[in-house]
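Have the viewer open and follow along.

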Amino acid sequence: MAQHNLGTVIRFEFVRTVTKPRFWIGTLSVPVIMAIVFGLIFLSNTSSSTAAEAQRNAQFSISYVDASGLITPADAAAFGATAAASSEAGIRDVRSGAVEAFYEFPAHPENTAVKVFGADKGVFENGKYAAVAQAMLARAVAMRIGSPQLSNLAAGTVQVETVTYQGSEVAGGMNSVIPPLAFLVVFYGLVVLLAGQMLNSTLEEKENRVTEMILTTLKPTTLITGKVLALFMVGVVQVAVFASPVLIGALFYRDALNIPEFEASQLVFDPARMGVGFLILVGGFALFTTTLVAIGAVMPTAKEAGNFMGVMIALIFIPFYSVSLVVSEPHSPIVQVFTYFPFSAPVTALLRNAFGSLGIFEAVVVIAILYVGAAVMLRVAVRLFQYGSISYTSKVRIRTALKAGSRHAVAGPAEQ
Amino acid sequence: MDEAVVHISGFRMDFAGTTVVRDLSFDVRAGETFGFLGSNGSGKTTTIRALLGLYEPTAGVLHVNGRPFKPEHGSRLGYLPEERGLYKKEKVMDVMTYFGRLKGMDRHAARQWSLAYLDRVDLSGKAATQVDKLSSGEQQKVQLGVTIMNRPELLILDEPTKGFDPVNRRLLMDIIAEQKADGATVVMVTHQMEEVERLCDRIVLLKDGTSEAYGTIDEVQNRYGGRVVRIRHSGRIPASPHYAVTLDETNYAELSVSDNTDEAAILRELMDAGVVVRSFTTTKISLEDIFIRVYGEQNTPSSPVATGVGMRAGA
């Protein structure tokens, strides 16, 4: 009978959340903001490429000196540039307004900067001087090489395809990292978006004095389990809504948004890594939710409970301070601590799992830690809720509440 | 023997080392209205919470329908707790339907019942209104509706009239009467003695966490000096084995008569002692008098009536 009324609780909690206008205002505001940002990127990319093109083709009066000997008169003429008598003369011409730009090409431009002097046209338009100087030099080098193919190779525009092997099998590379890494993104999304709701989920019963009536119709375990599952469903809805503009952008506006090329068909879905990622995601979510519910159960008001939310959020970001270590040295002591400490384990283990450095034994241990931790926290949360939620106005002493299982109760004389 | 819907035996409850209820025993029989009386802090709410599984008892047996109460057993319980509230940000119909579902009704039945109830209490237009947009009195009506959904076989009302306006108090009384007529067993936790005298068949009176009196109202009244003689007089009231002086002012006195002594004999005894009696009336002792006497004991421990007269509940 453990599931008595569980479905009713899940339905009530889920429906009442997703039918609230404020839920959709909050949820839709994120994709709307993302759409606005994408729009700005689109406009910016369009105008940037136009500006870059314009800068390369900009027509303005130029004088130059060339110590390298690479720039031929023909190269200079292609840009309308004329040779200056000296650097001092070139700079003087710029300052007097006789020319708009003066370039000083050094003897060794491969390791010495080309000096550009120009009439100030504003921060953005000034970029045209450097663009044209680079174009002049590039043209001169290309003409000297005499082959567009060799010119491209000299410019380093070489495509490389890497194939690595795990044993005899071809390793997936980044294409195998992306799918399991999605679990980390979902985990962050769920916890960051729902932490407040998790914390306040049982406070509502307490603040509204509904606890006693509710607990005569179902077990506290059922209530809390139902709330956790409903929150998970709410989180999935939110993540789906948030992801929608990214998917739309990737599918229909990839070029306009400068989204890097990748073929979805190239993604490698390693069943083991995907399975481990899913289990860590669920276990981590359950652990954080039950912990936040337990905190909420002992606090008399949402305001007081809110002080603890920052701490919980910080716990999931701490592993990111050592993300390079997590990826490059997964067996270093600090990464091992983060891997097995319950509240940093989800993020660390999901990262390592995505990058393929989480061994199967480690994965089993981490999953066990998360699920056992979640079960323990659920029990603690239920106990604290059962006794704490009837202490309507006072903060519950945790030790006393937990001892309630050994035939003690926590309410004070005022509630007799 | 009547079937006990509620059976409490040897119940003890400790809070952080302090015993709040000790060795409490009583039964509530099927179909009766039972008064659970006591002053603030006497352990009434604690007992109800332990009975309903909200607290774990330190010791004792607390049964509903022959076993410890568990929500999943499916007992049809209507519980109006002392601390009241509803989901304030939800619509009235949603809250009522939710509780109906939790109490075992299907969605359609819960909605139909709720609509009929709201119509009855003049809230038919408020089904789609958010609870916190209702007035306090309207919220009380909704709370009552939630309490009696799904025809409770056991109705436990903790301080039922607390905070209720007169209109809702009348509604509550009507509902209690209806539920009783419908076969429900009603437990009223209260210190409103008038209501108890009017509605209850039997009572238990708690004091200092244990039973001070237990039985039918008549039994309790008889045990506490079934009759009160009120006299206006001059002269000193003499001591007597037939009565106890519970109040003695300059020209007014109250005598508690605890046995079958004839009123005429008492009057004769007073007059023989030189007391000039101007008026002499006899009434049954009220529960309020008993209540005041029991709890007044704490201030006047040598009260002649209280000593040794109260009976312990149990058996």
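H7(A) passes H15(A) in a left-handed crossing (the near helix is turned anticlockwise from the far one by less than a right angle). A quick note on bookkeeping: this is a predicted model, where local features need pLDDT of at least 70 and side-chain atom pairs count only at pLDDT 80 or more, while totals for chains, interfaces and linings use all residues. Residues are numbered from 1 along each chain as its sequence is written, with chains lettered from A and ligands numbered from 1 in the order written.

Back to the pair. Helix H7 (residues 174-201) and helix H15 (residues 345-354), both of chain A, have axes that come within 8 Å and cross at roughly 165°; helices here are DSSP runs of H or I, at least four residues, and strands are E runs of at least two, numbered from the N terminus. Axes are lines fitted to C-alpha atoms, for helices over the stretch in contact, with angles from 0 to 180 degrees between N-to-C directions. The two are therefore roughly antiparallel, the label for angles over 145 degrees.

On the H15(A) side, the residues meeting H7(A) include Leu350(A) and Leu351(A). Leaving aside neighbours within four places in sequence, Leu350(A) is in contact (C-beta atoms, placed from the backbone, within 7 Å) with Phe183(A), Leu184(A), Phe187(A), Gly277(A) and Ile280(A).

Now chain B: Tyr79(B) sits in strand E5 (residues 77-80). Tyr79(B) counts as buried because 23 other C-beta atoms lie within 10 Å, the cut-off being 20 or more. Its contacts beyond four places in sequence include Glu212(A), Met213(A) and Leu52(B).

Notes
Two residues are in contact if their C-beta atoms, placed from the backbone, lie within 7 Å. Angles under 35 degrees count as roughly parallel, over 145 as roughly antiparallel, 65 to 115 as roughly perpendicular and the rest as oblique. A residue is buried if 20 or more other C-beta atoms lie within 10 Å of its own, exposed if 12 or fewer, and partly exposed in between; C-beta atoms are placed from the backbone.
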